[in-house]
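Please read this briefing alongside the sequence and the structure displayed below. The points are grouped by topic.

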Amino acid sequence: MRRLFLIVATVAWAIASAAPSAFAQGYAPGPVYVPPPARPLPRVEITPRLRVQYYRDCIDALVVEPRLTGPTIVPHSRCRWVKRYYAY
């Protein structure tokens with residue numbers, strides 16, 4: 001029992017004596033990072049073309065599809081973007 005106490009005391013003393021030296025051997029802080037000054041972002045102006053508007057032109061239909069249960073009627077839709085011109 002006395003031998004275990006001596007081992008524990010020796011290990012505790014070694015840890016306690018090594019801790020301050022570990023902090024003393026720490027590294028010096030390096031240069032502080034300073035971000036470059038912020039530049040203003042370039043201004044982008046978006047101007048739509050006059051007298052032109054886009055809209056969706058859709059064609060709807062009922063189509064017969066072959067399925068496992070037999071021919072089935074399902075709705076289908078085909079759409080595309082189309083330009084609409086105004087004359088004002």
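The link of Cys58 and Cys79 is right-handed, with 110° about the S-S bond.

**The disulfide**

- The sulfur atoms of Cys58 and Cys79 are 2.1 Å apart, and the two residues form a disulfide.
- A search of the whole structure finds one disulfide.
- Cys58 has a relative accessible area of 35% and is therefore partly exposed, since this class covers values between 20% and 50%.
- Cys79 is also partly exposed, with a relative accessible area of 34%.

**Overall layout**

- The protein chain contains one helix and two strands.
- Read from the N terminus, these elements follow the order α-β-β.
- The protein chain has 88 residues, of which 3% count as buried.
- Among contacts in the protein chain with a separation of 6 or more, 44% are between residues 24 or more positions apart.

**The paired strands**

- Strand 1 and strand 2 run antiparallel and are joined by 16 bridges.
- A hairpin leads from strand 1 to strand 2 through two residues.
- Arg67 has Gly70 of strand 2 standing opposite.

**Pro75 in strand 2**

- Pro75 is a residue of strand 2.
- Is Pro75 buried or exposed? With a relative accessibility of 69%, Pro75 counts as exposed, because the exposed class begins over 50%.
- Pro75 and Val63 are twelve residues apart in sequence, and their C-alpha atoms are 6.1 Å apart in space.
- When neighbours within four places in sequence are left aside, Pro75 is in contact with Ala61 and Leu62.

**Charges and aromatic rings**

- Which residue has its charged end over the ring of Tyr55? The charged end of Arg84 sits there, 4.0 Å from the centre of the ring.
- Arg56 lies over the face of Trp81, at 6.0 Å from the ring centre.
- A search of the whole structure for aromatic pairs finds zero.

**Confidence of the prediction**

- The average pLDDT of the protein chain is 77, and 74% of the residues score at least 70.
- Which element of the protein chain has the lowest mean pLDDT, and which the highest? Helix 1 (residues 2–24) has the lowest, at 66, whereas strand 2 has the highest, at 90.

- Strand 2, in which Pro75 lies, is the element with the highest mean pLDDT.

Notes. Residues numbered from 1 in each chain as written. Predicted model: local features only at pLDDT ≥ 70, side-chain atom pairs only at ≥ 80, totals over all residues. Heavy atoms only, no water. Disulfide = S-S within 2.5 Å. Buried < 20%, exposed > 50% of the residue type's maximum accessible area, 1.4 Å probe, protein only. pLDDT = per-residue confidence, 0-100. Helix = DSSP H or I, 4+ residues; strand = E, 2+ residues; numbered from the N terminus. Phe/Tyr/Trp six-rings, centres within 6.5 Å; stacked < 30°, edge-to-face > 60°. Lys NZ or Arg CZ within 6 Å of the ring centre and 35° of its normal. Pairing = 2+ DSSP bridges. Contact = heavy atoms within 4.5 Å.
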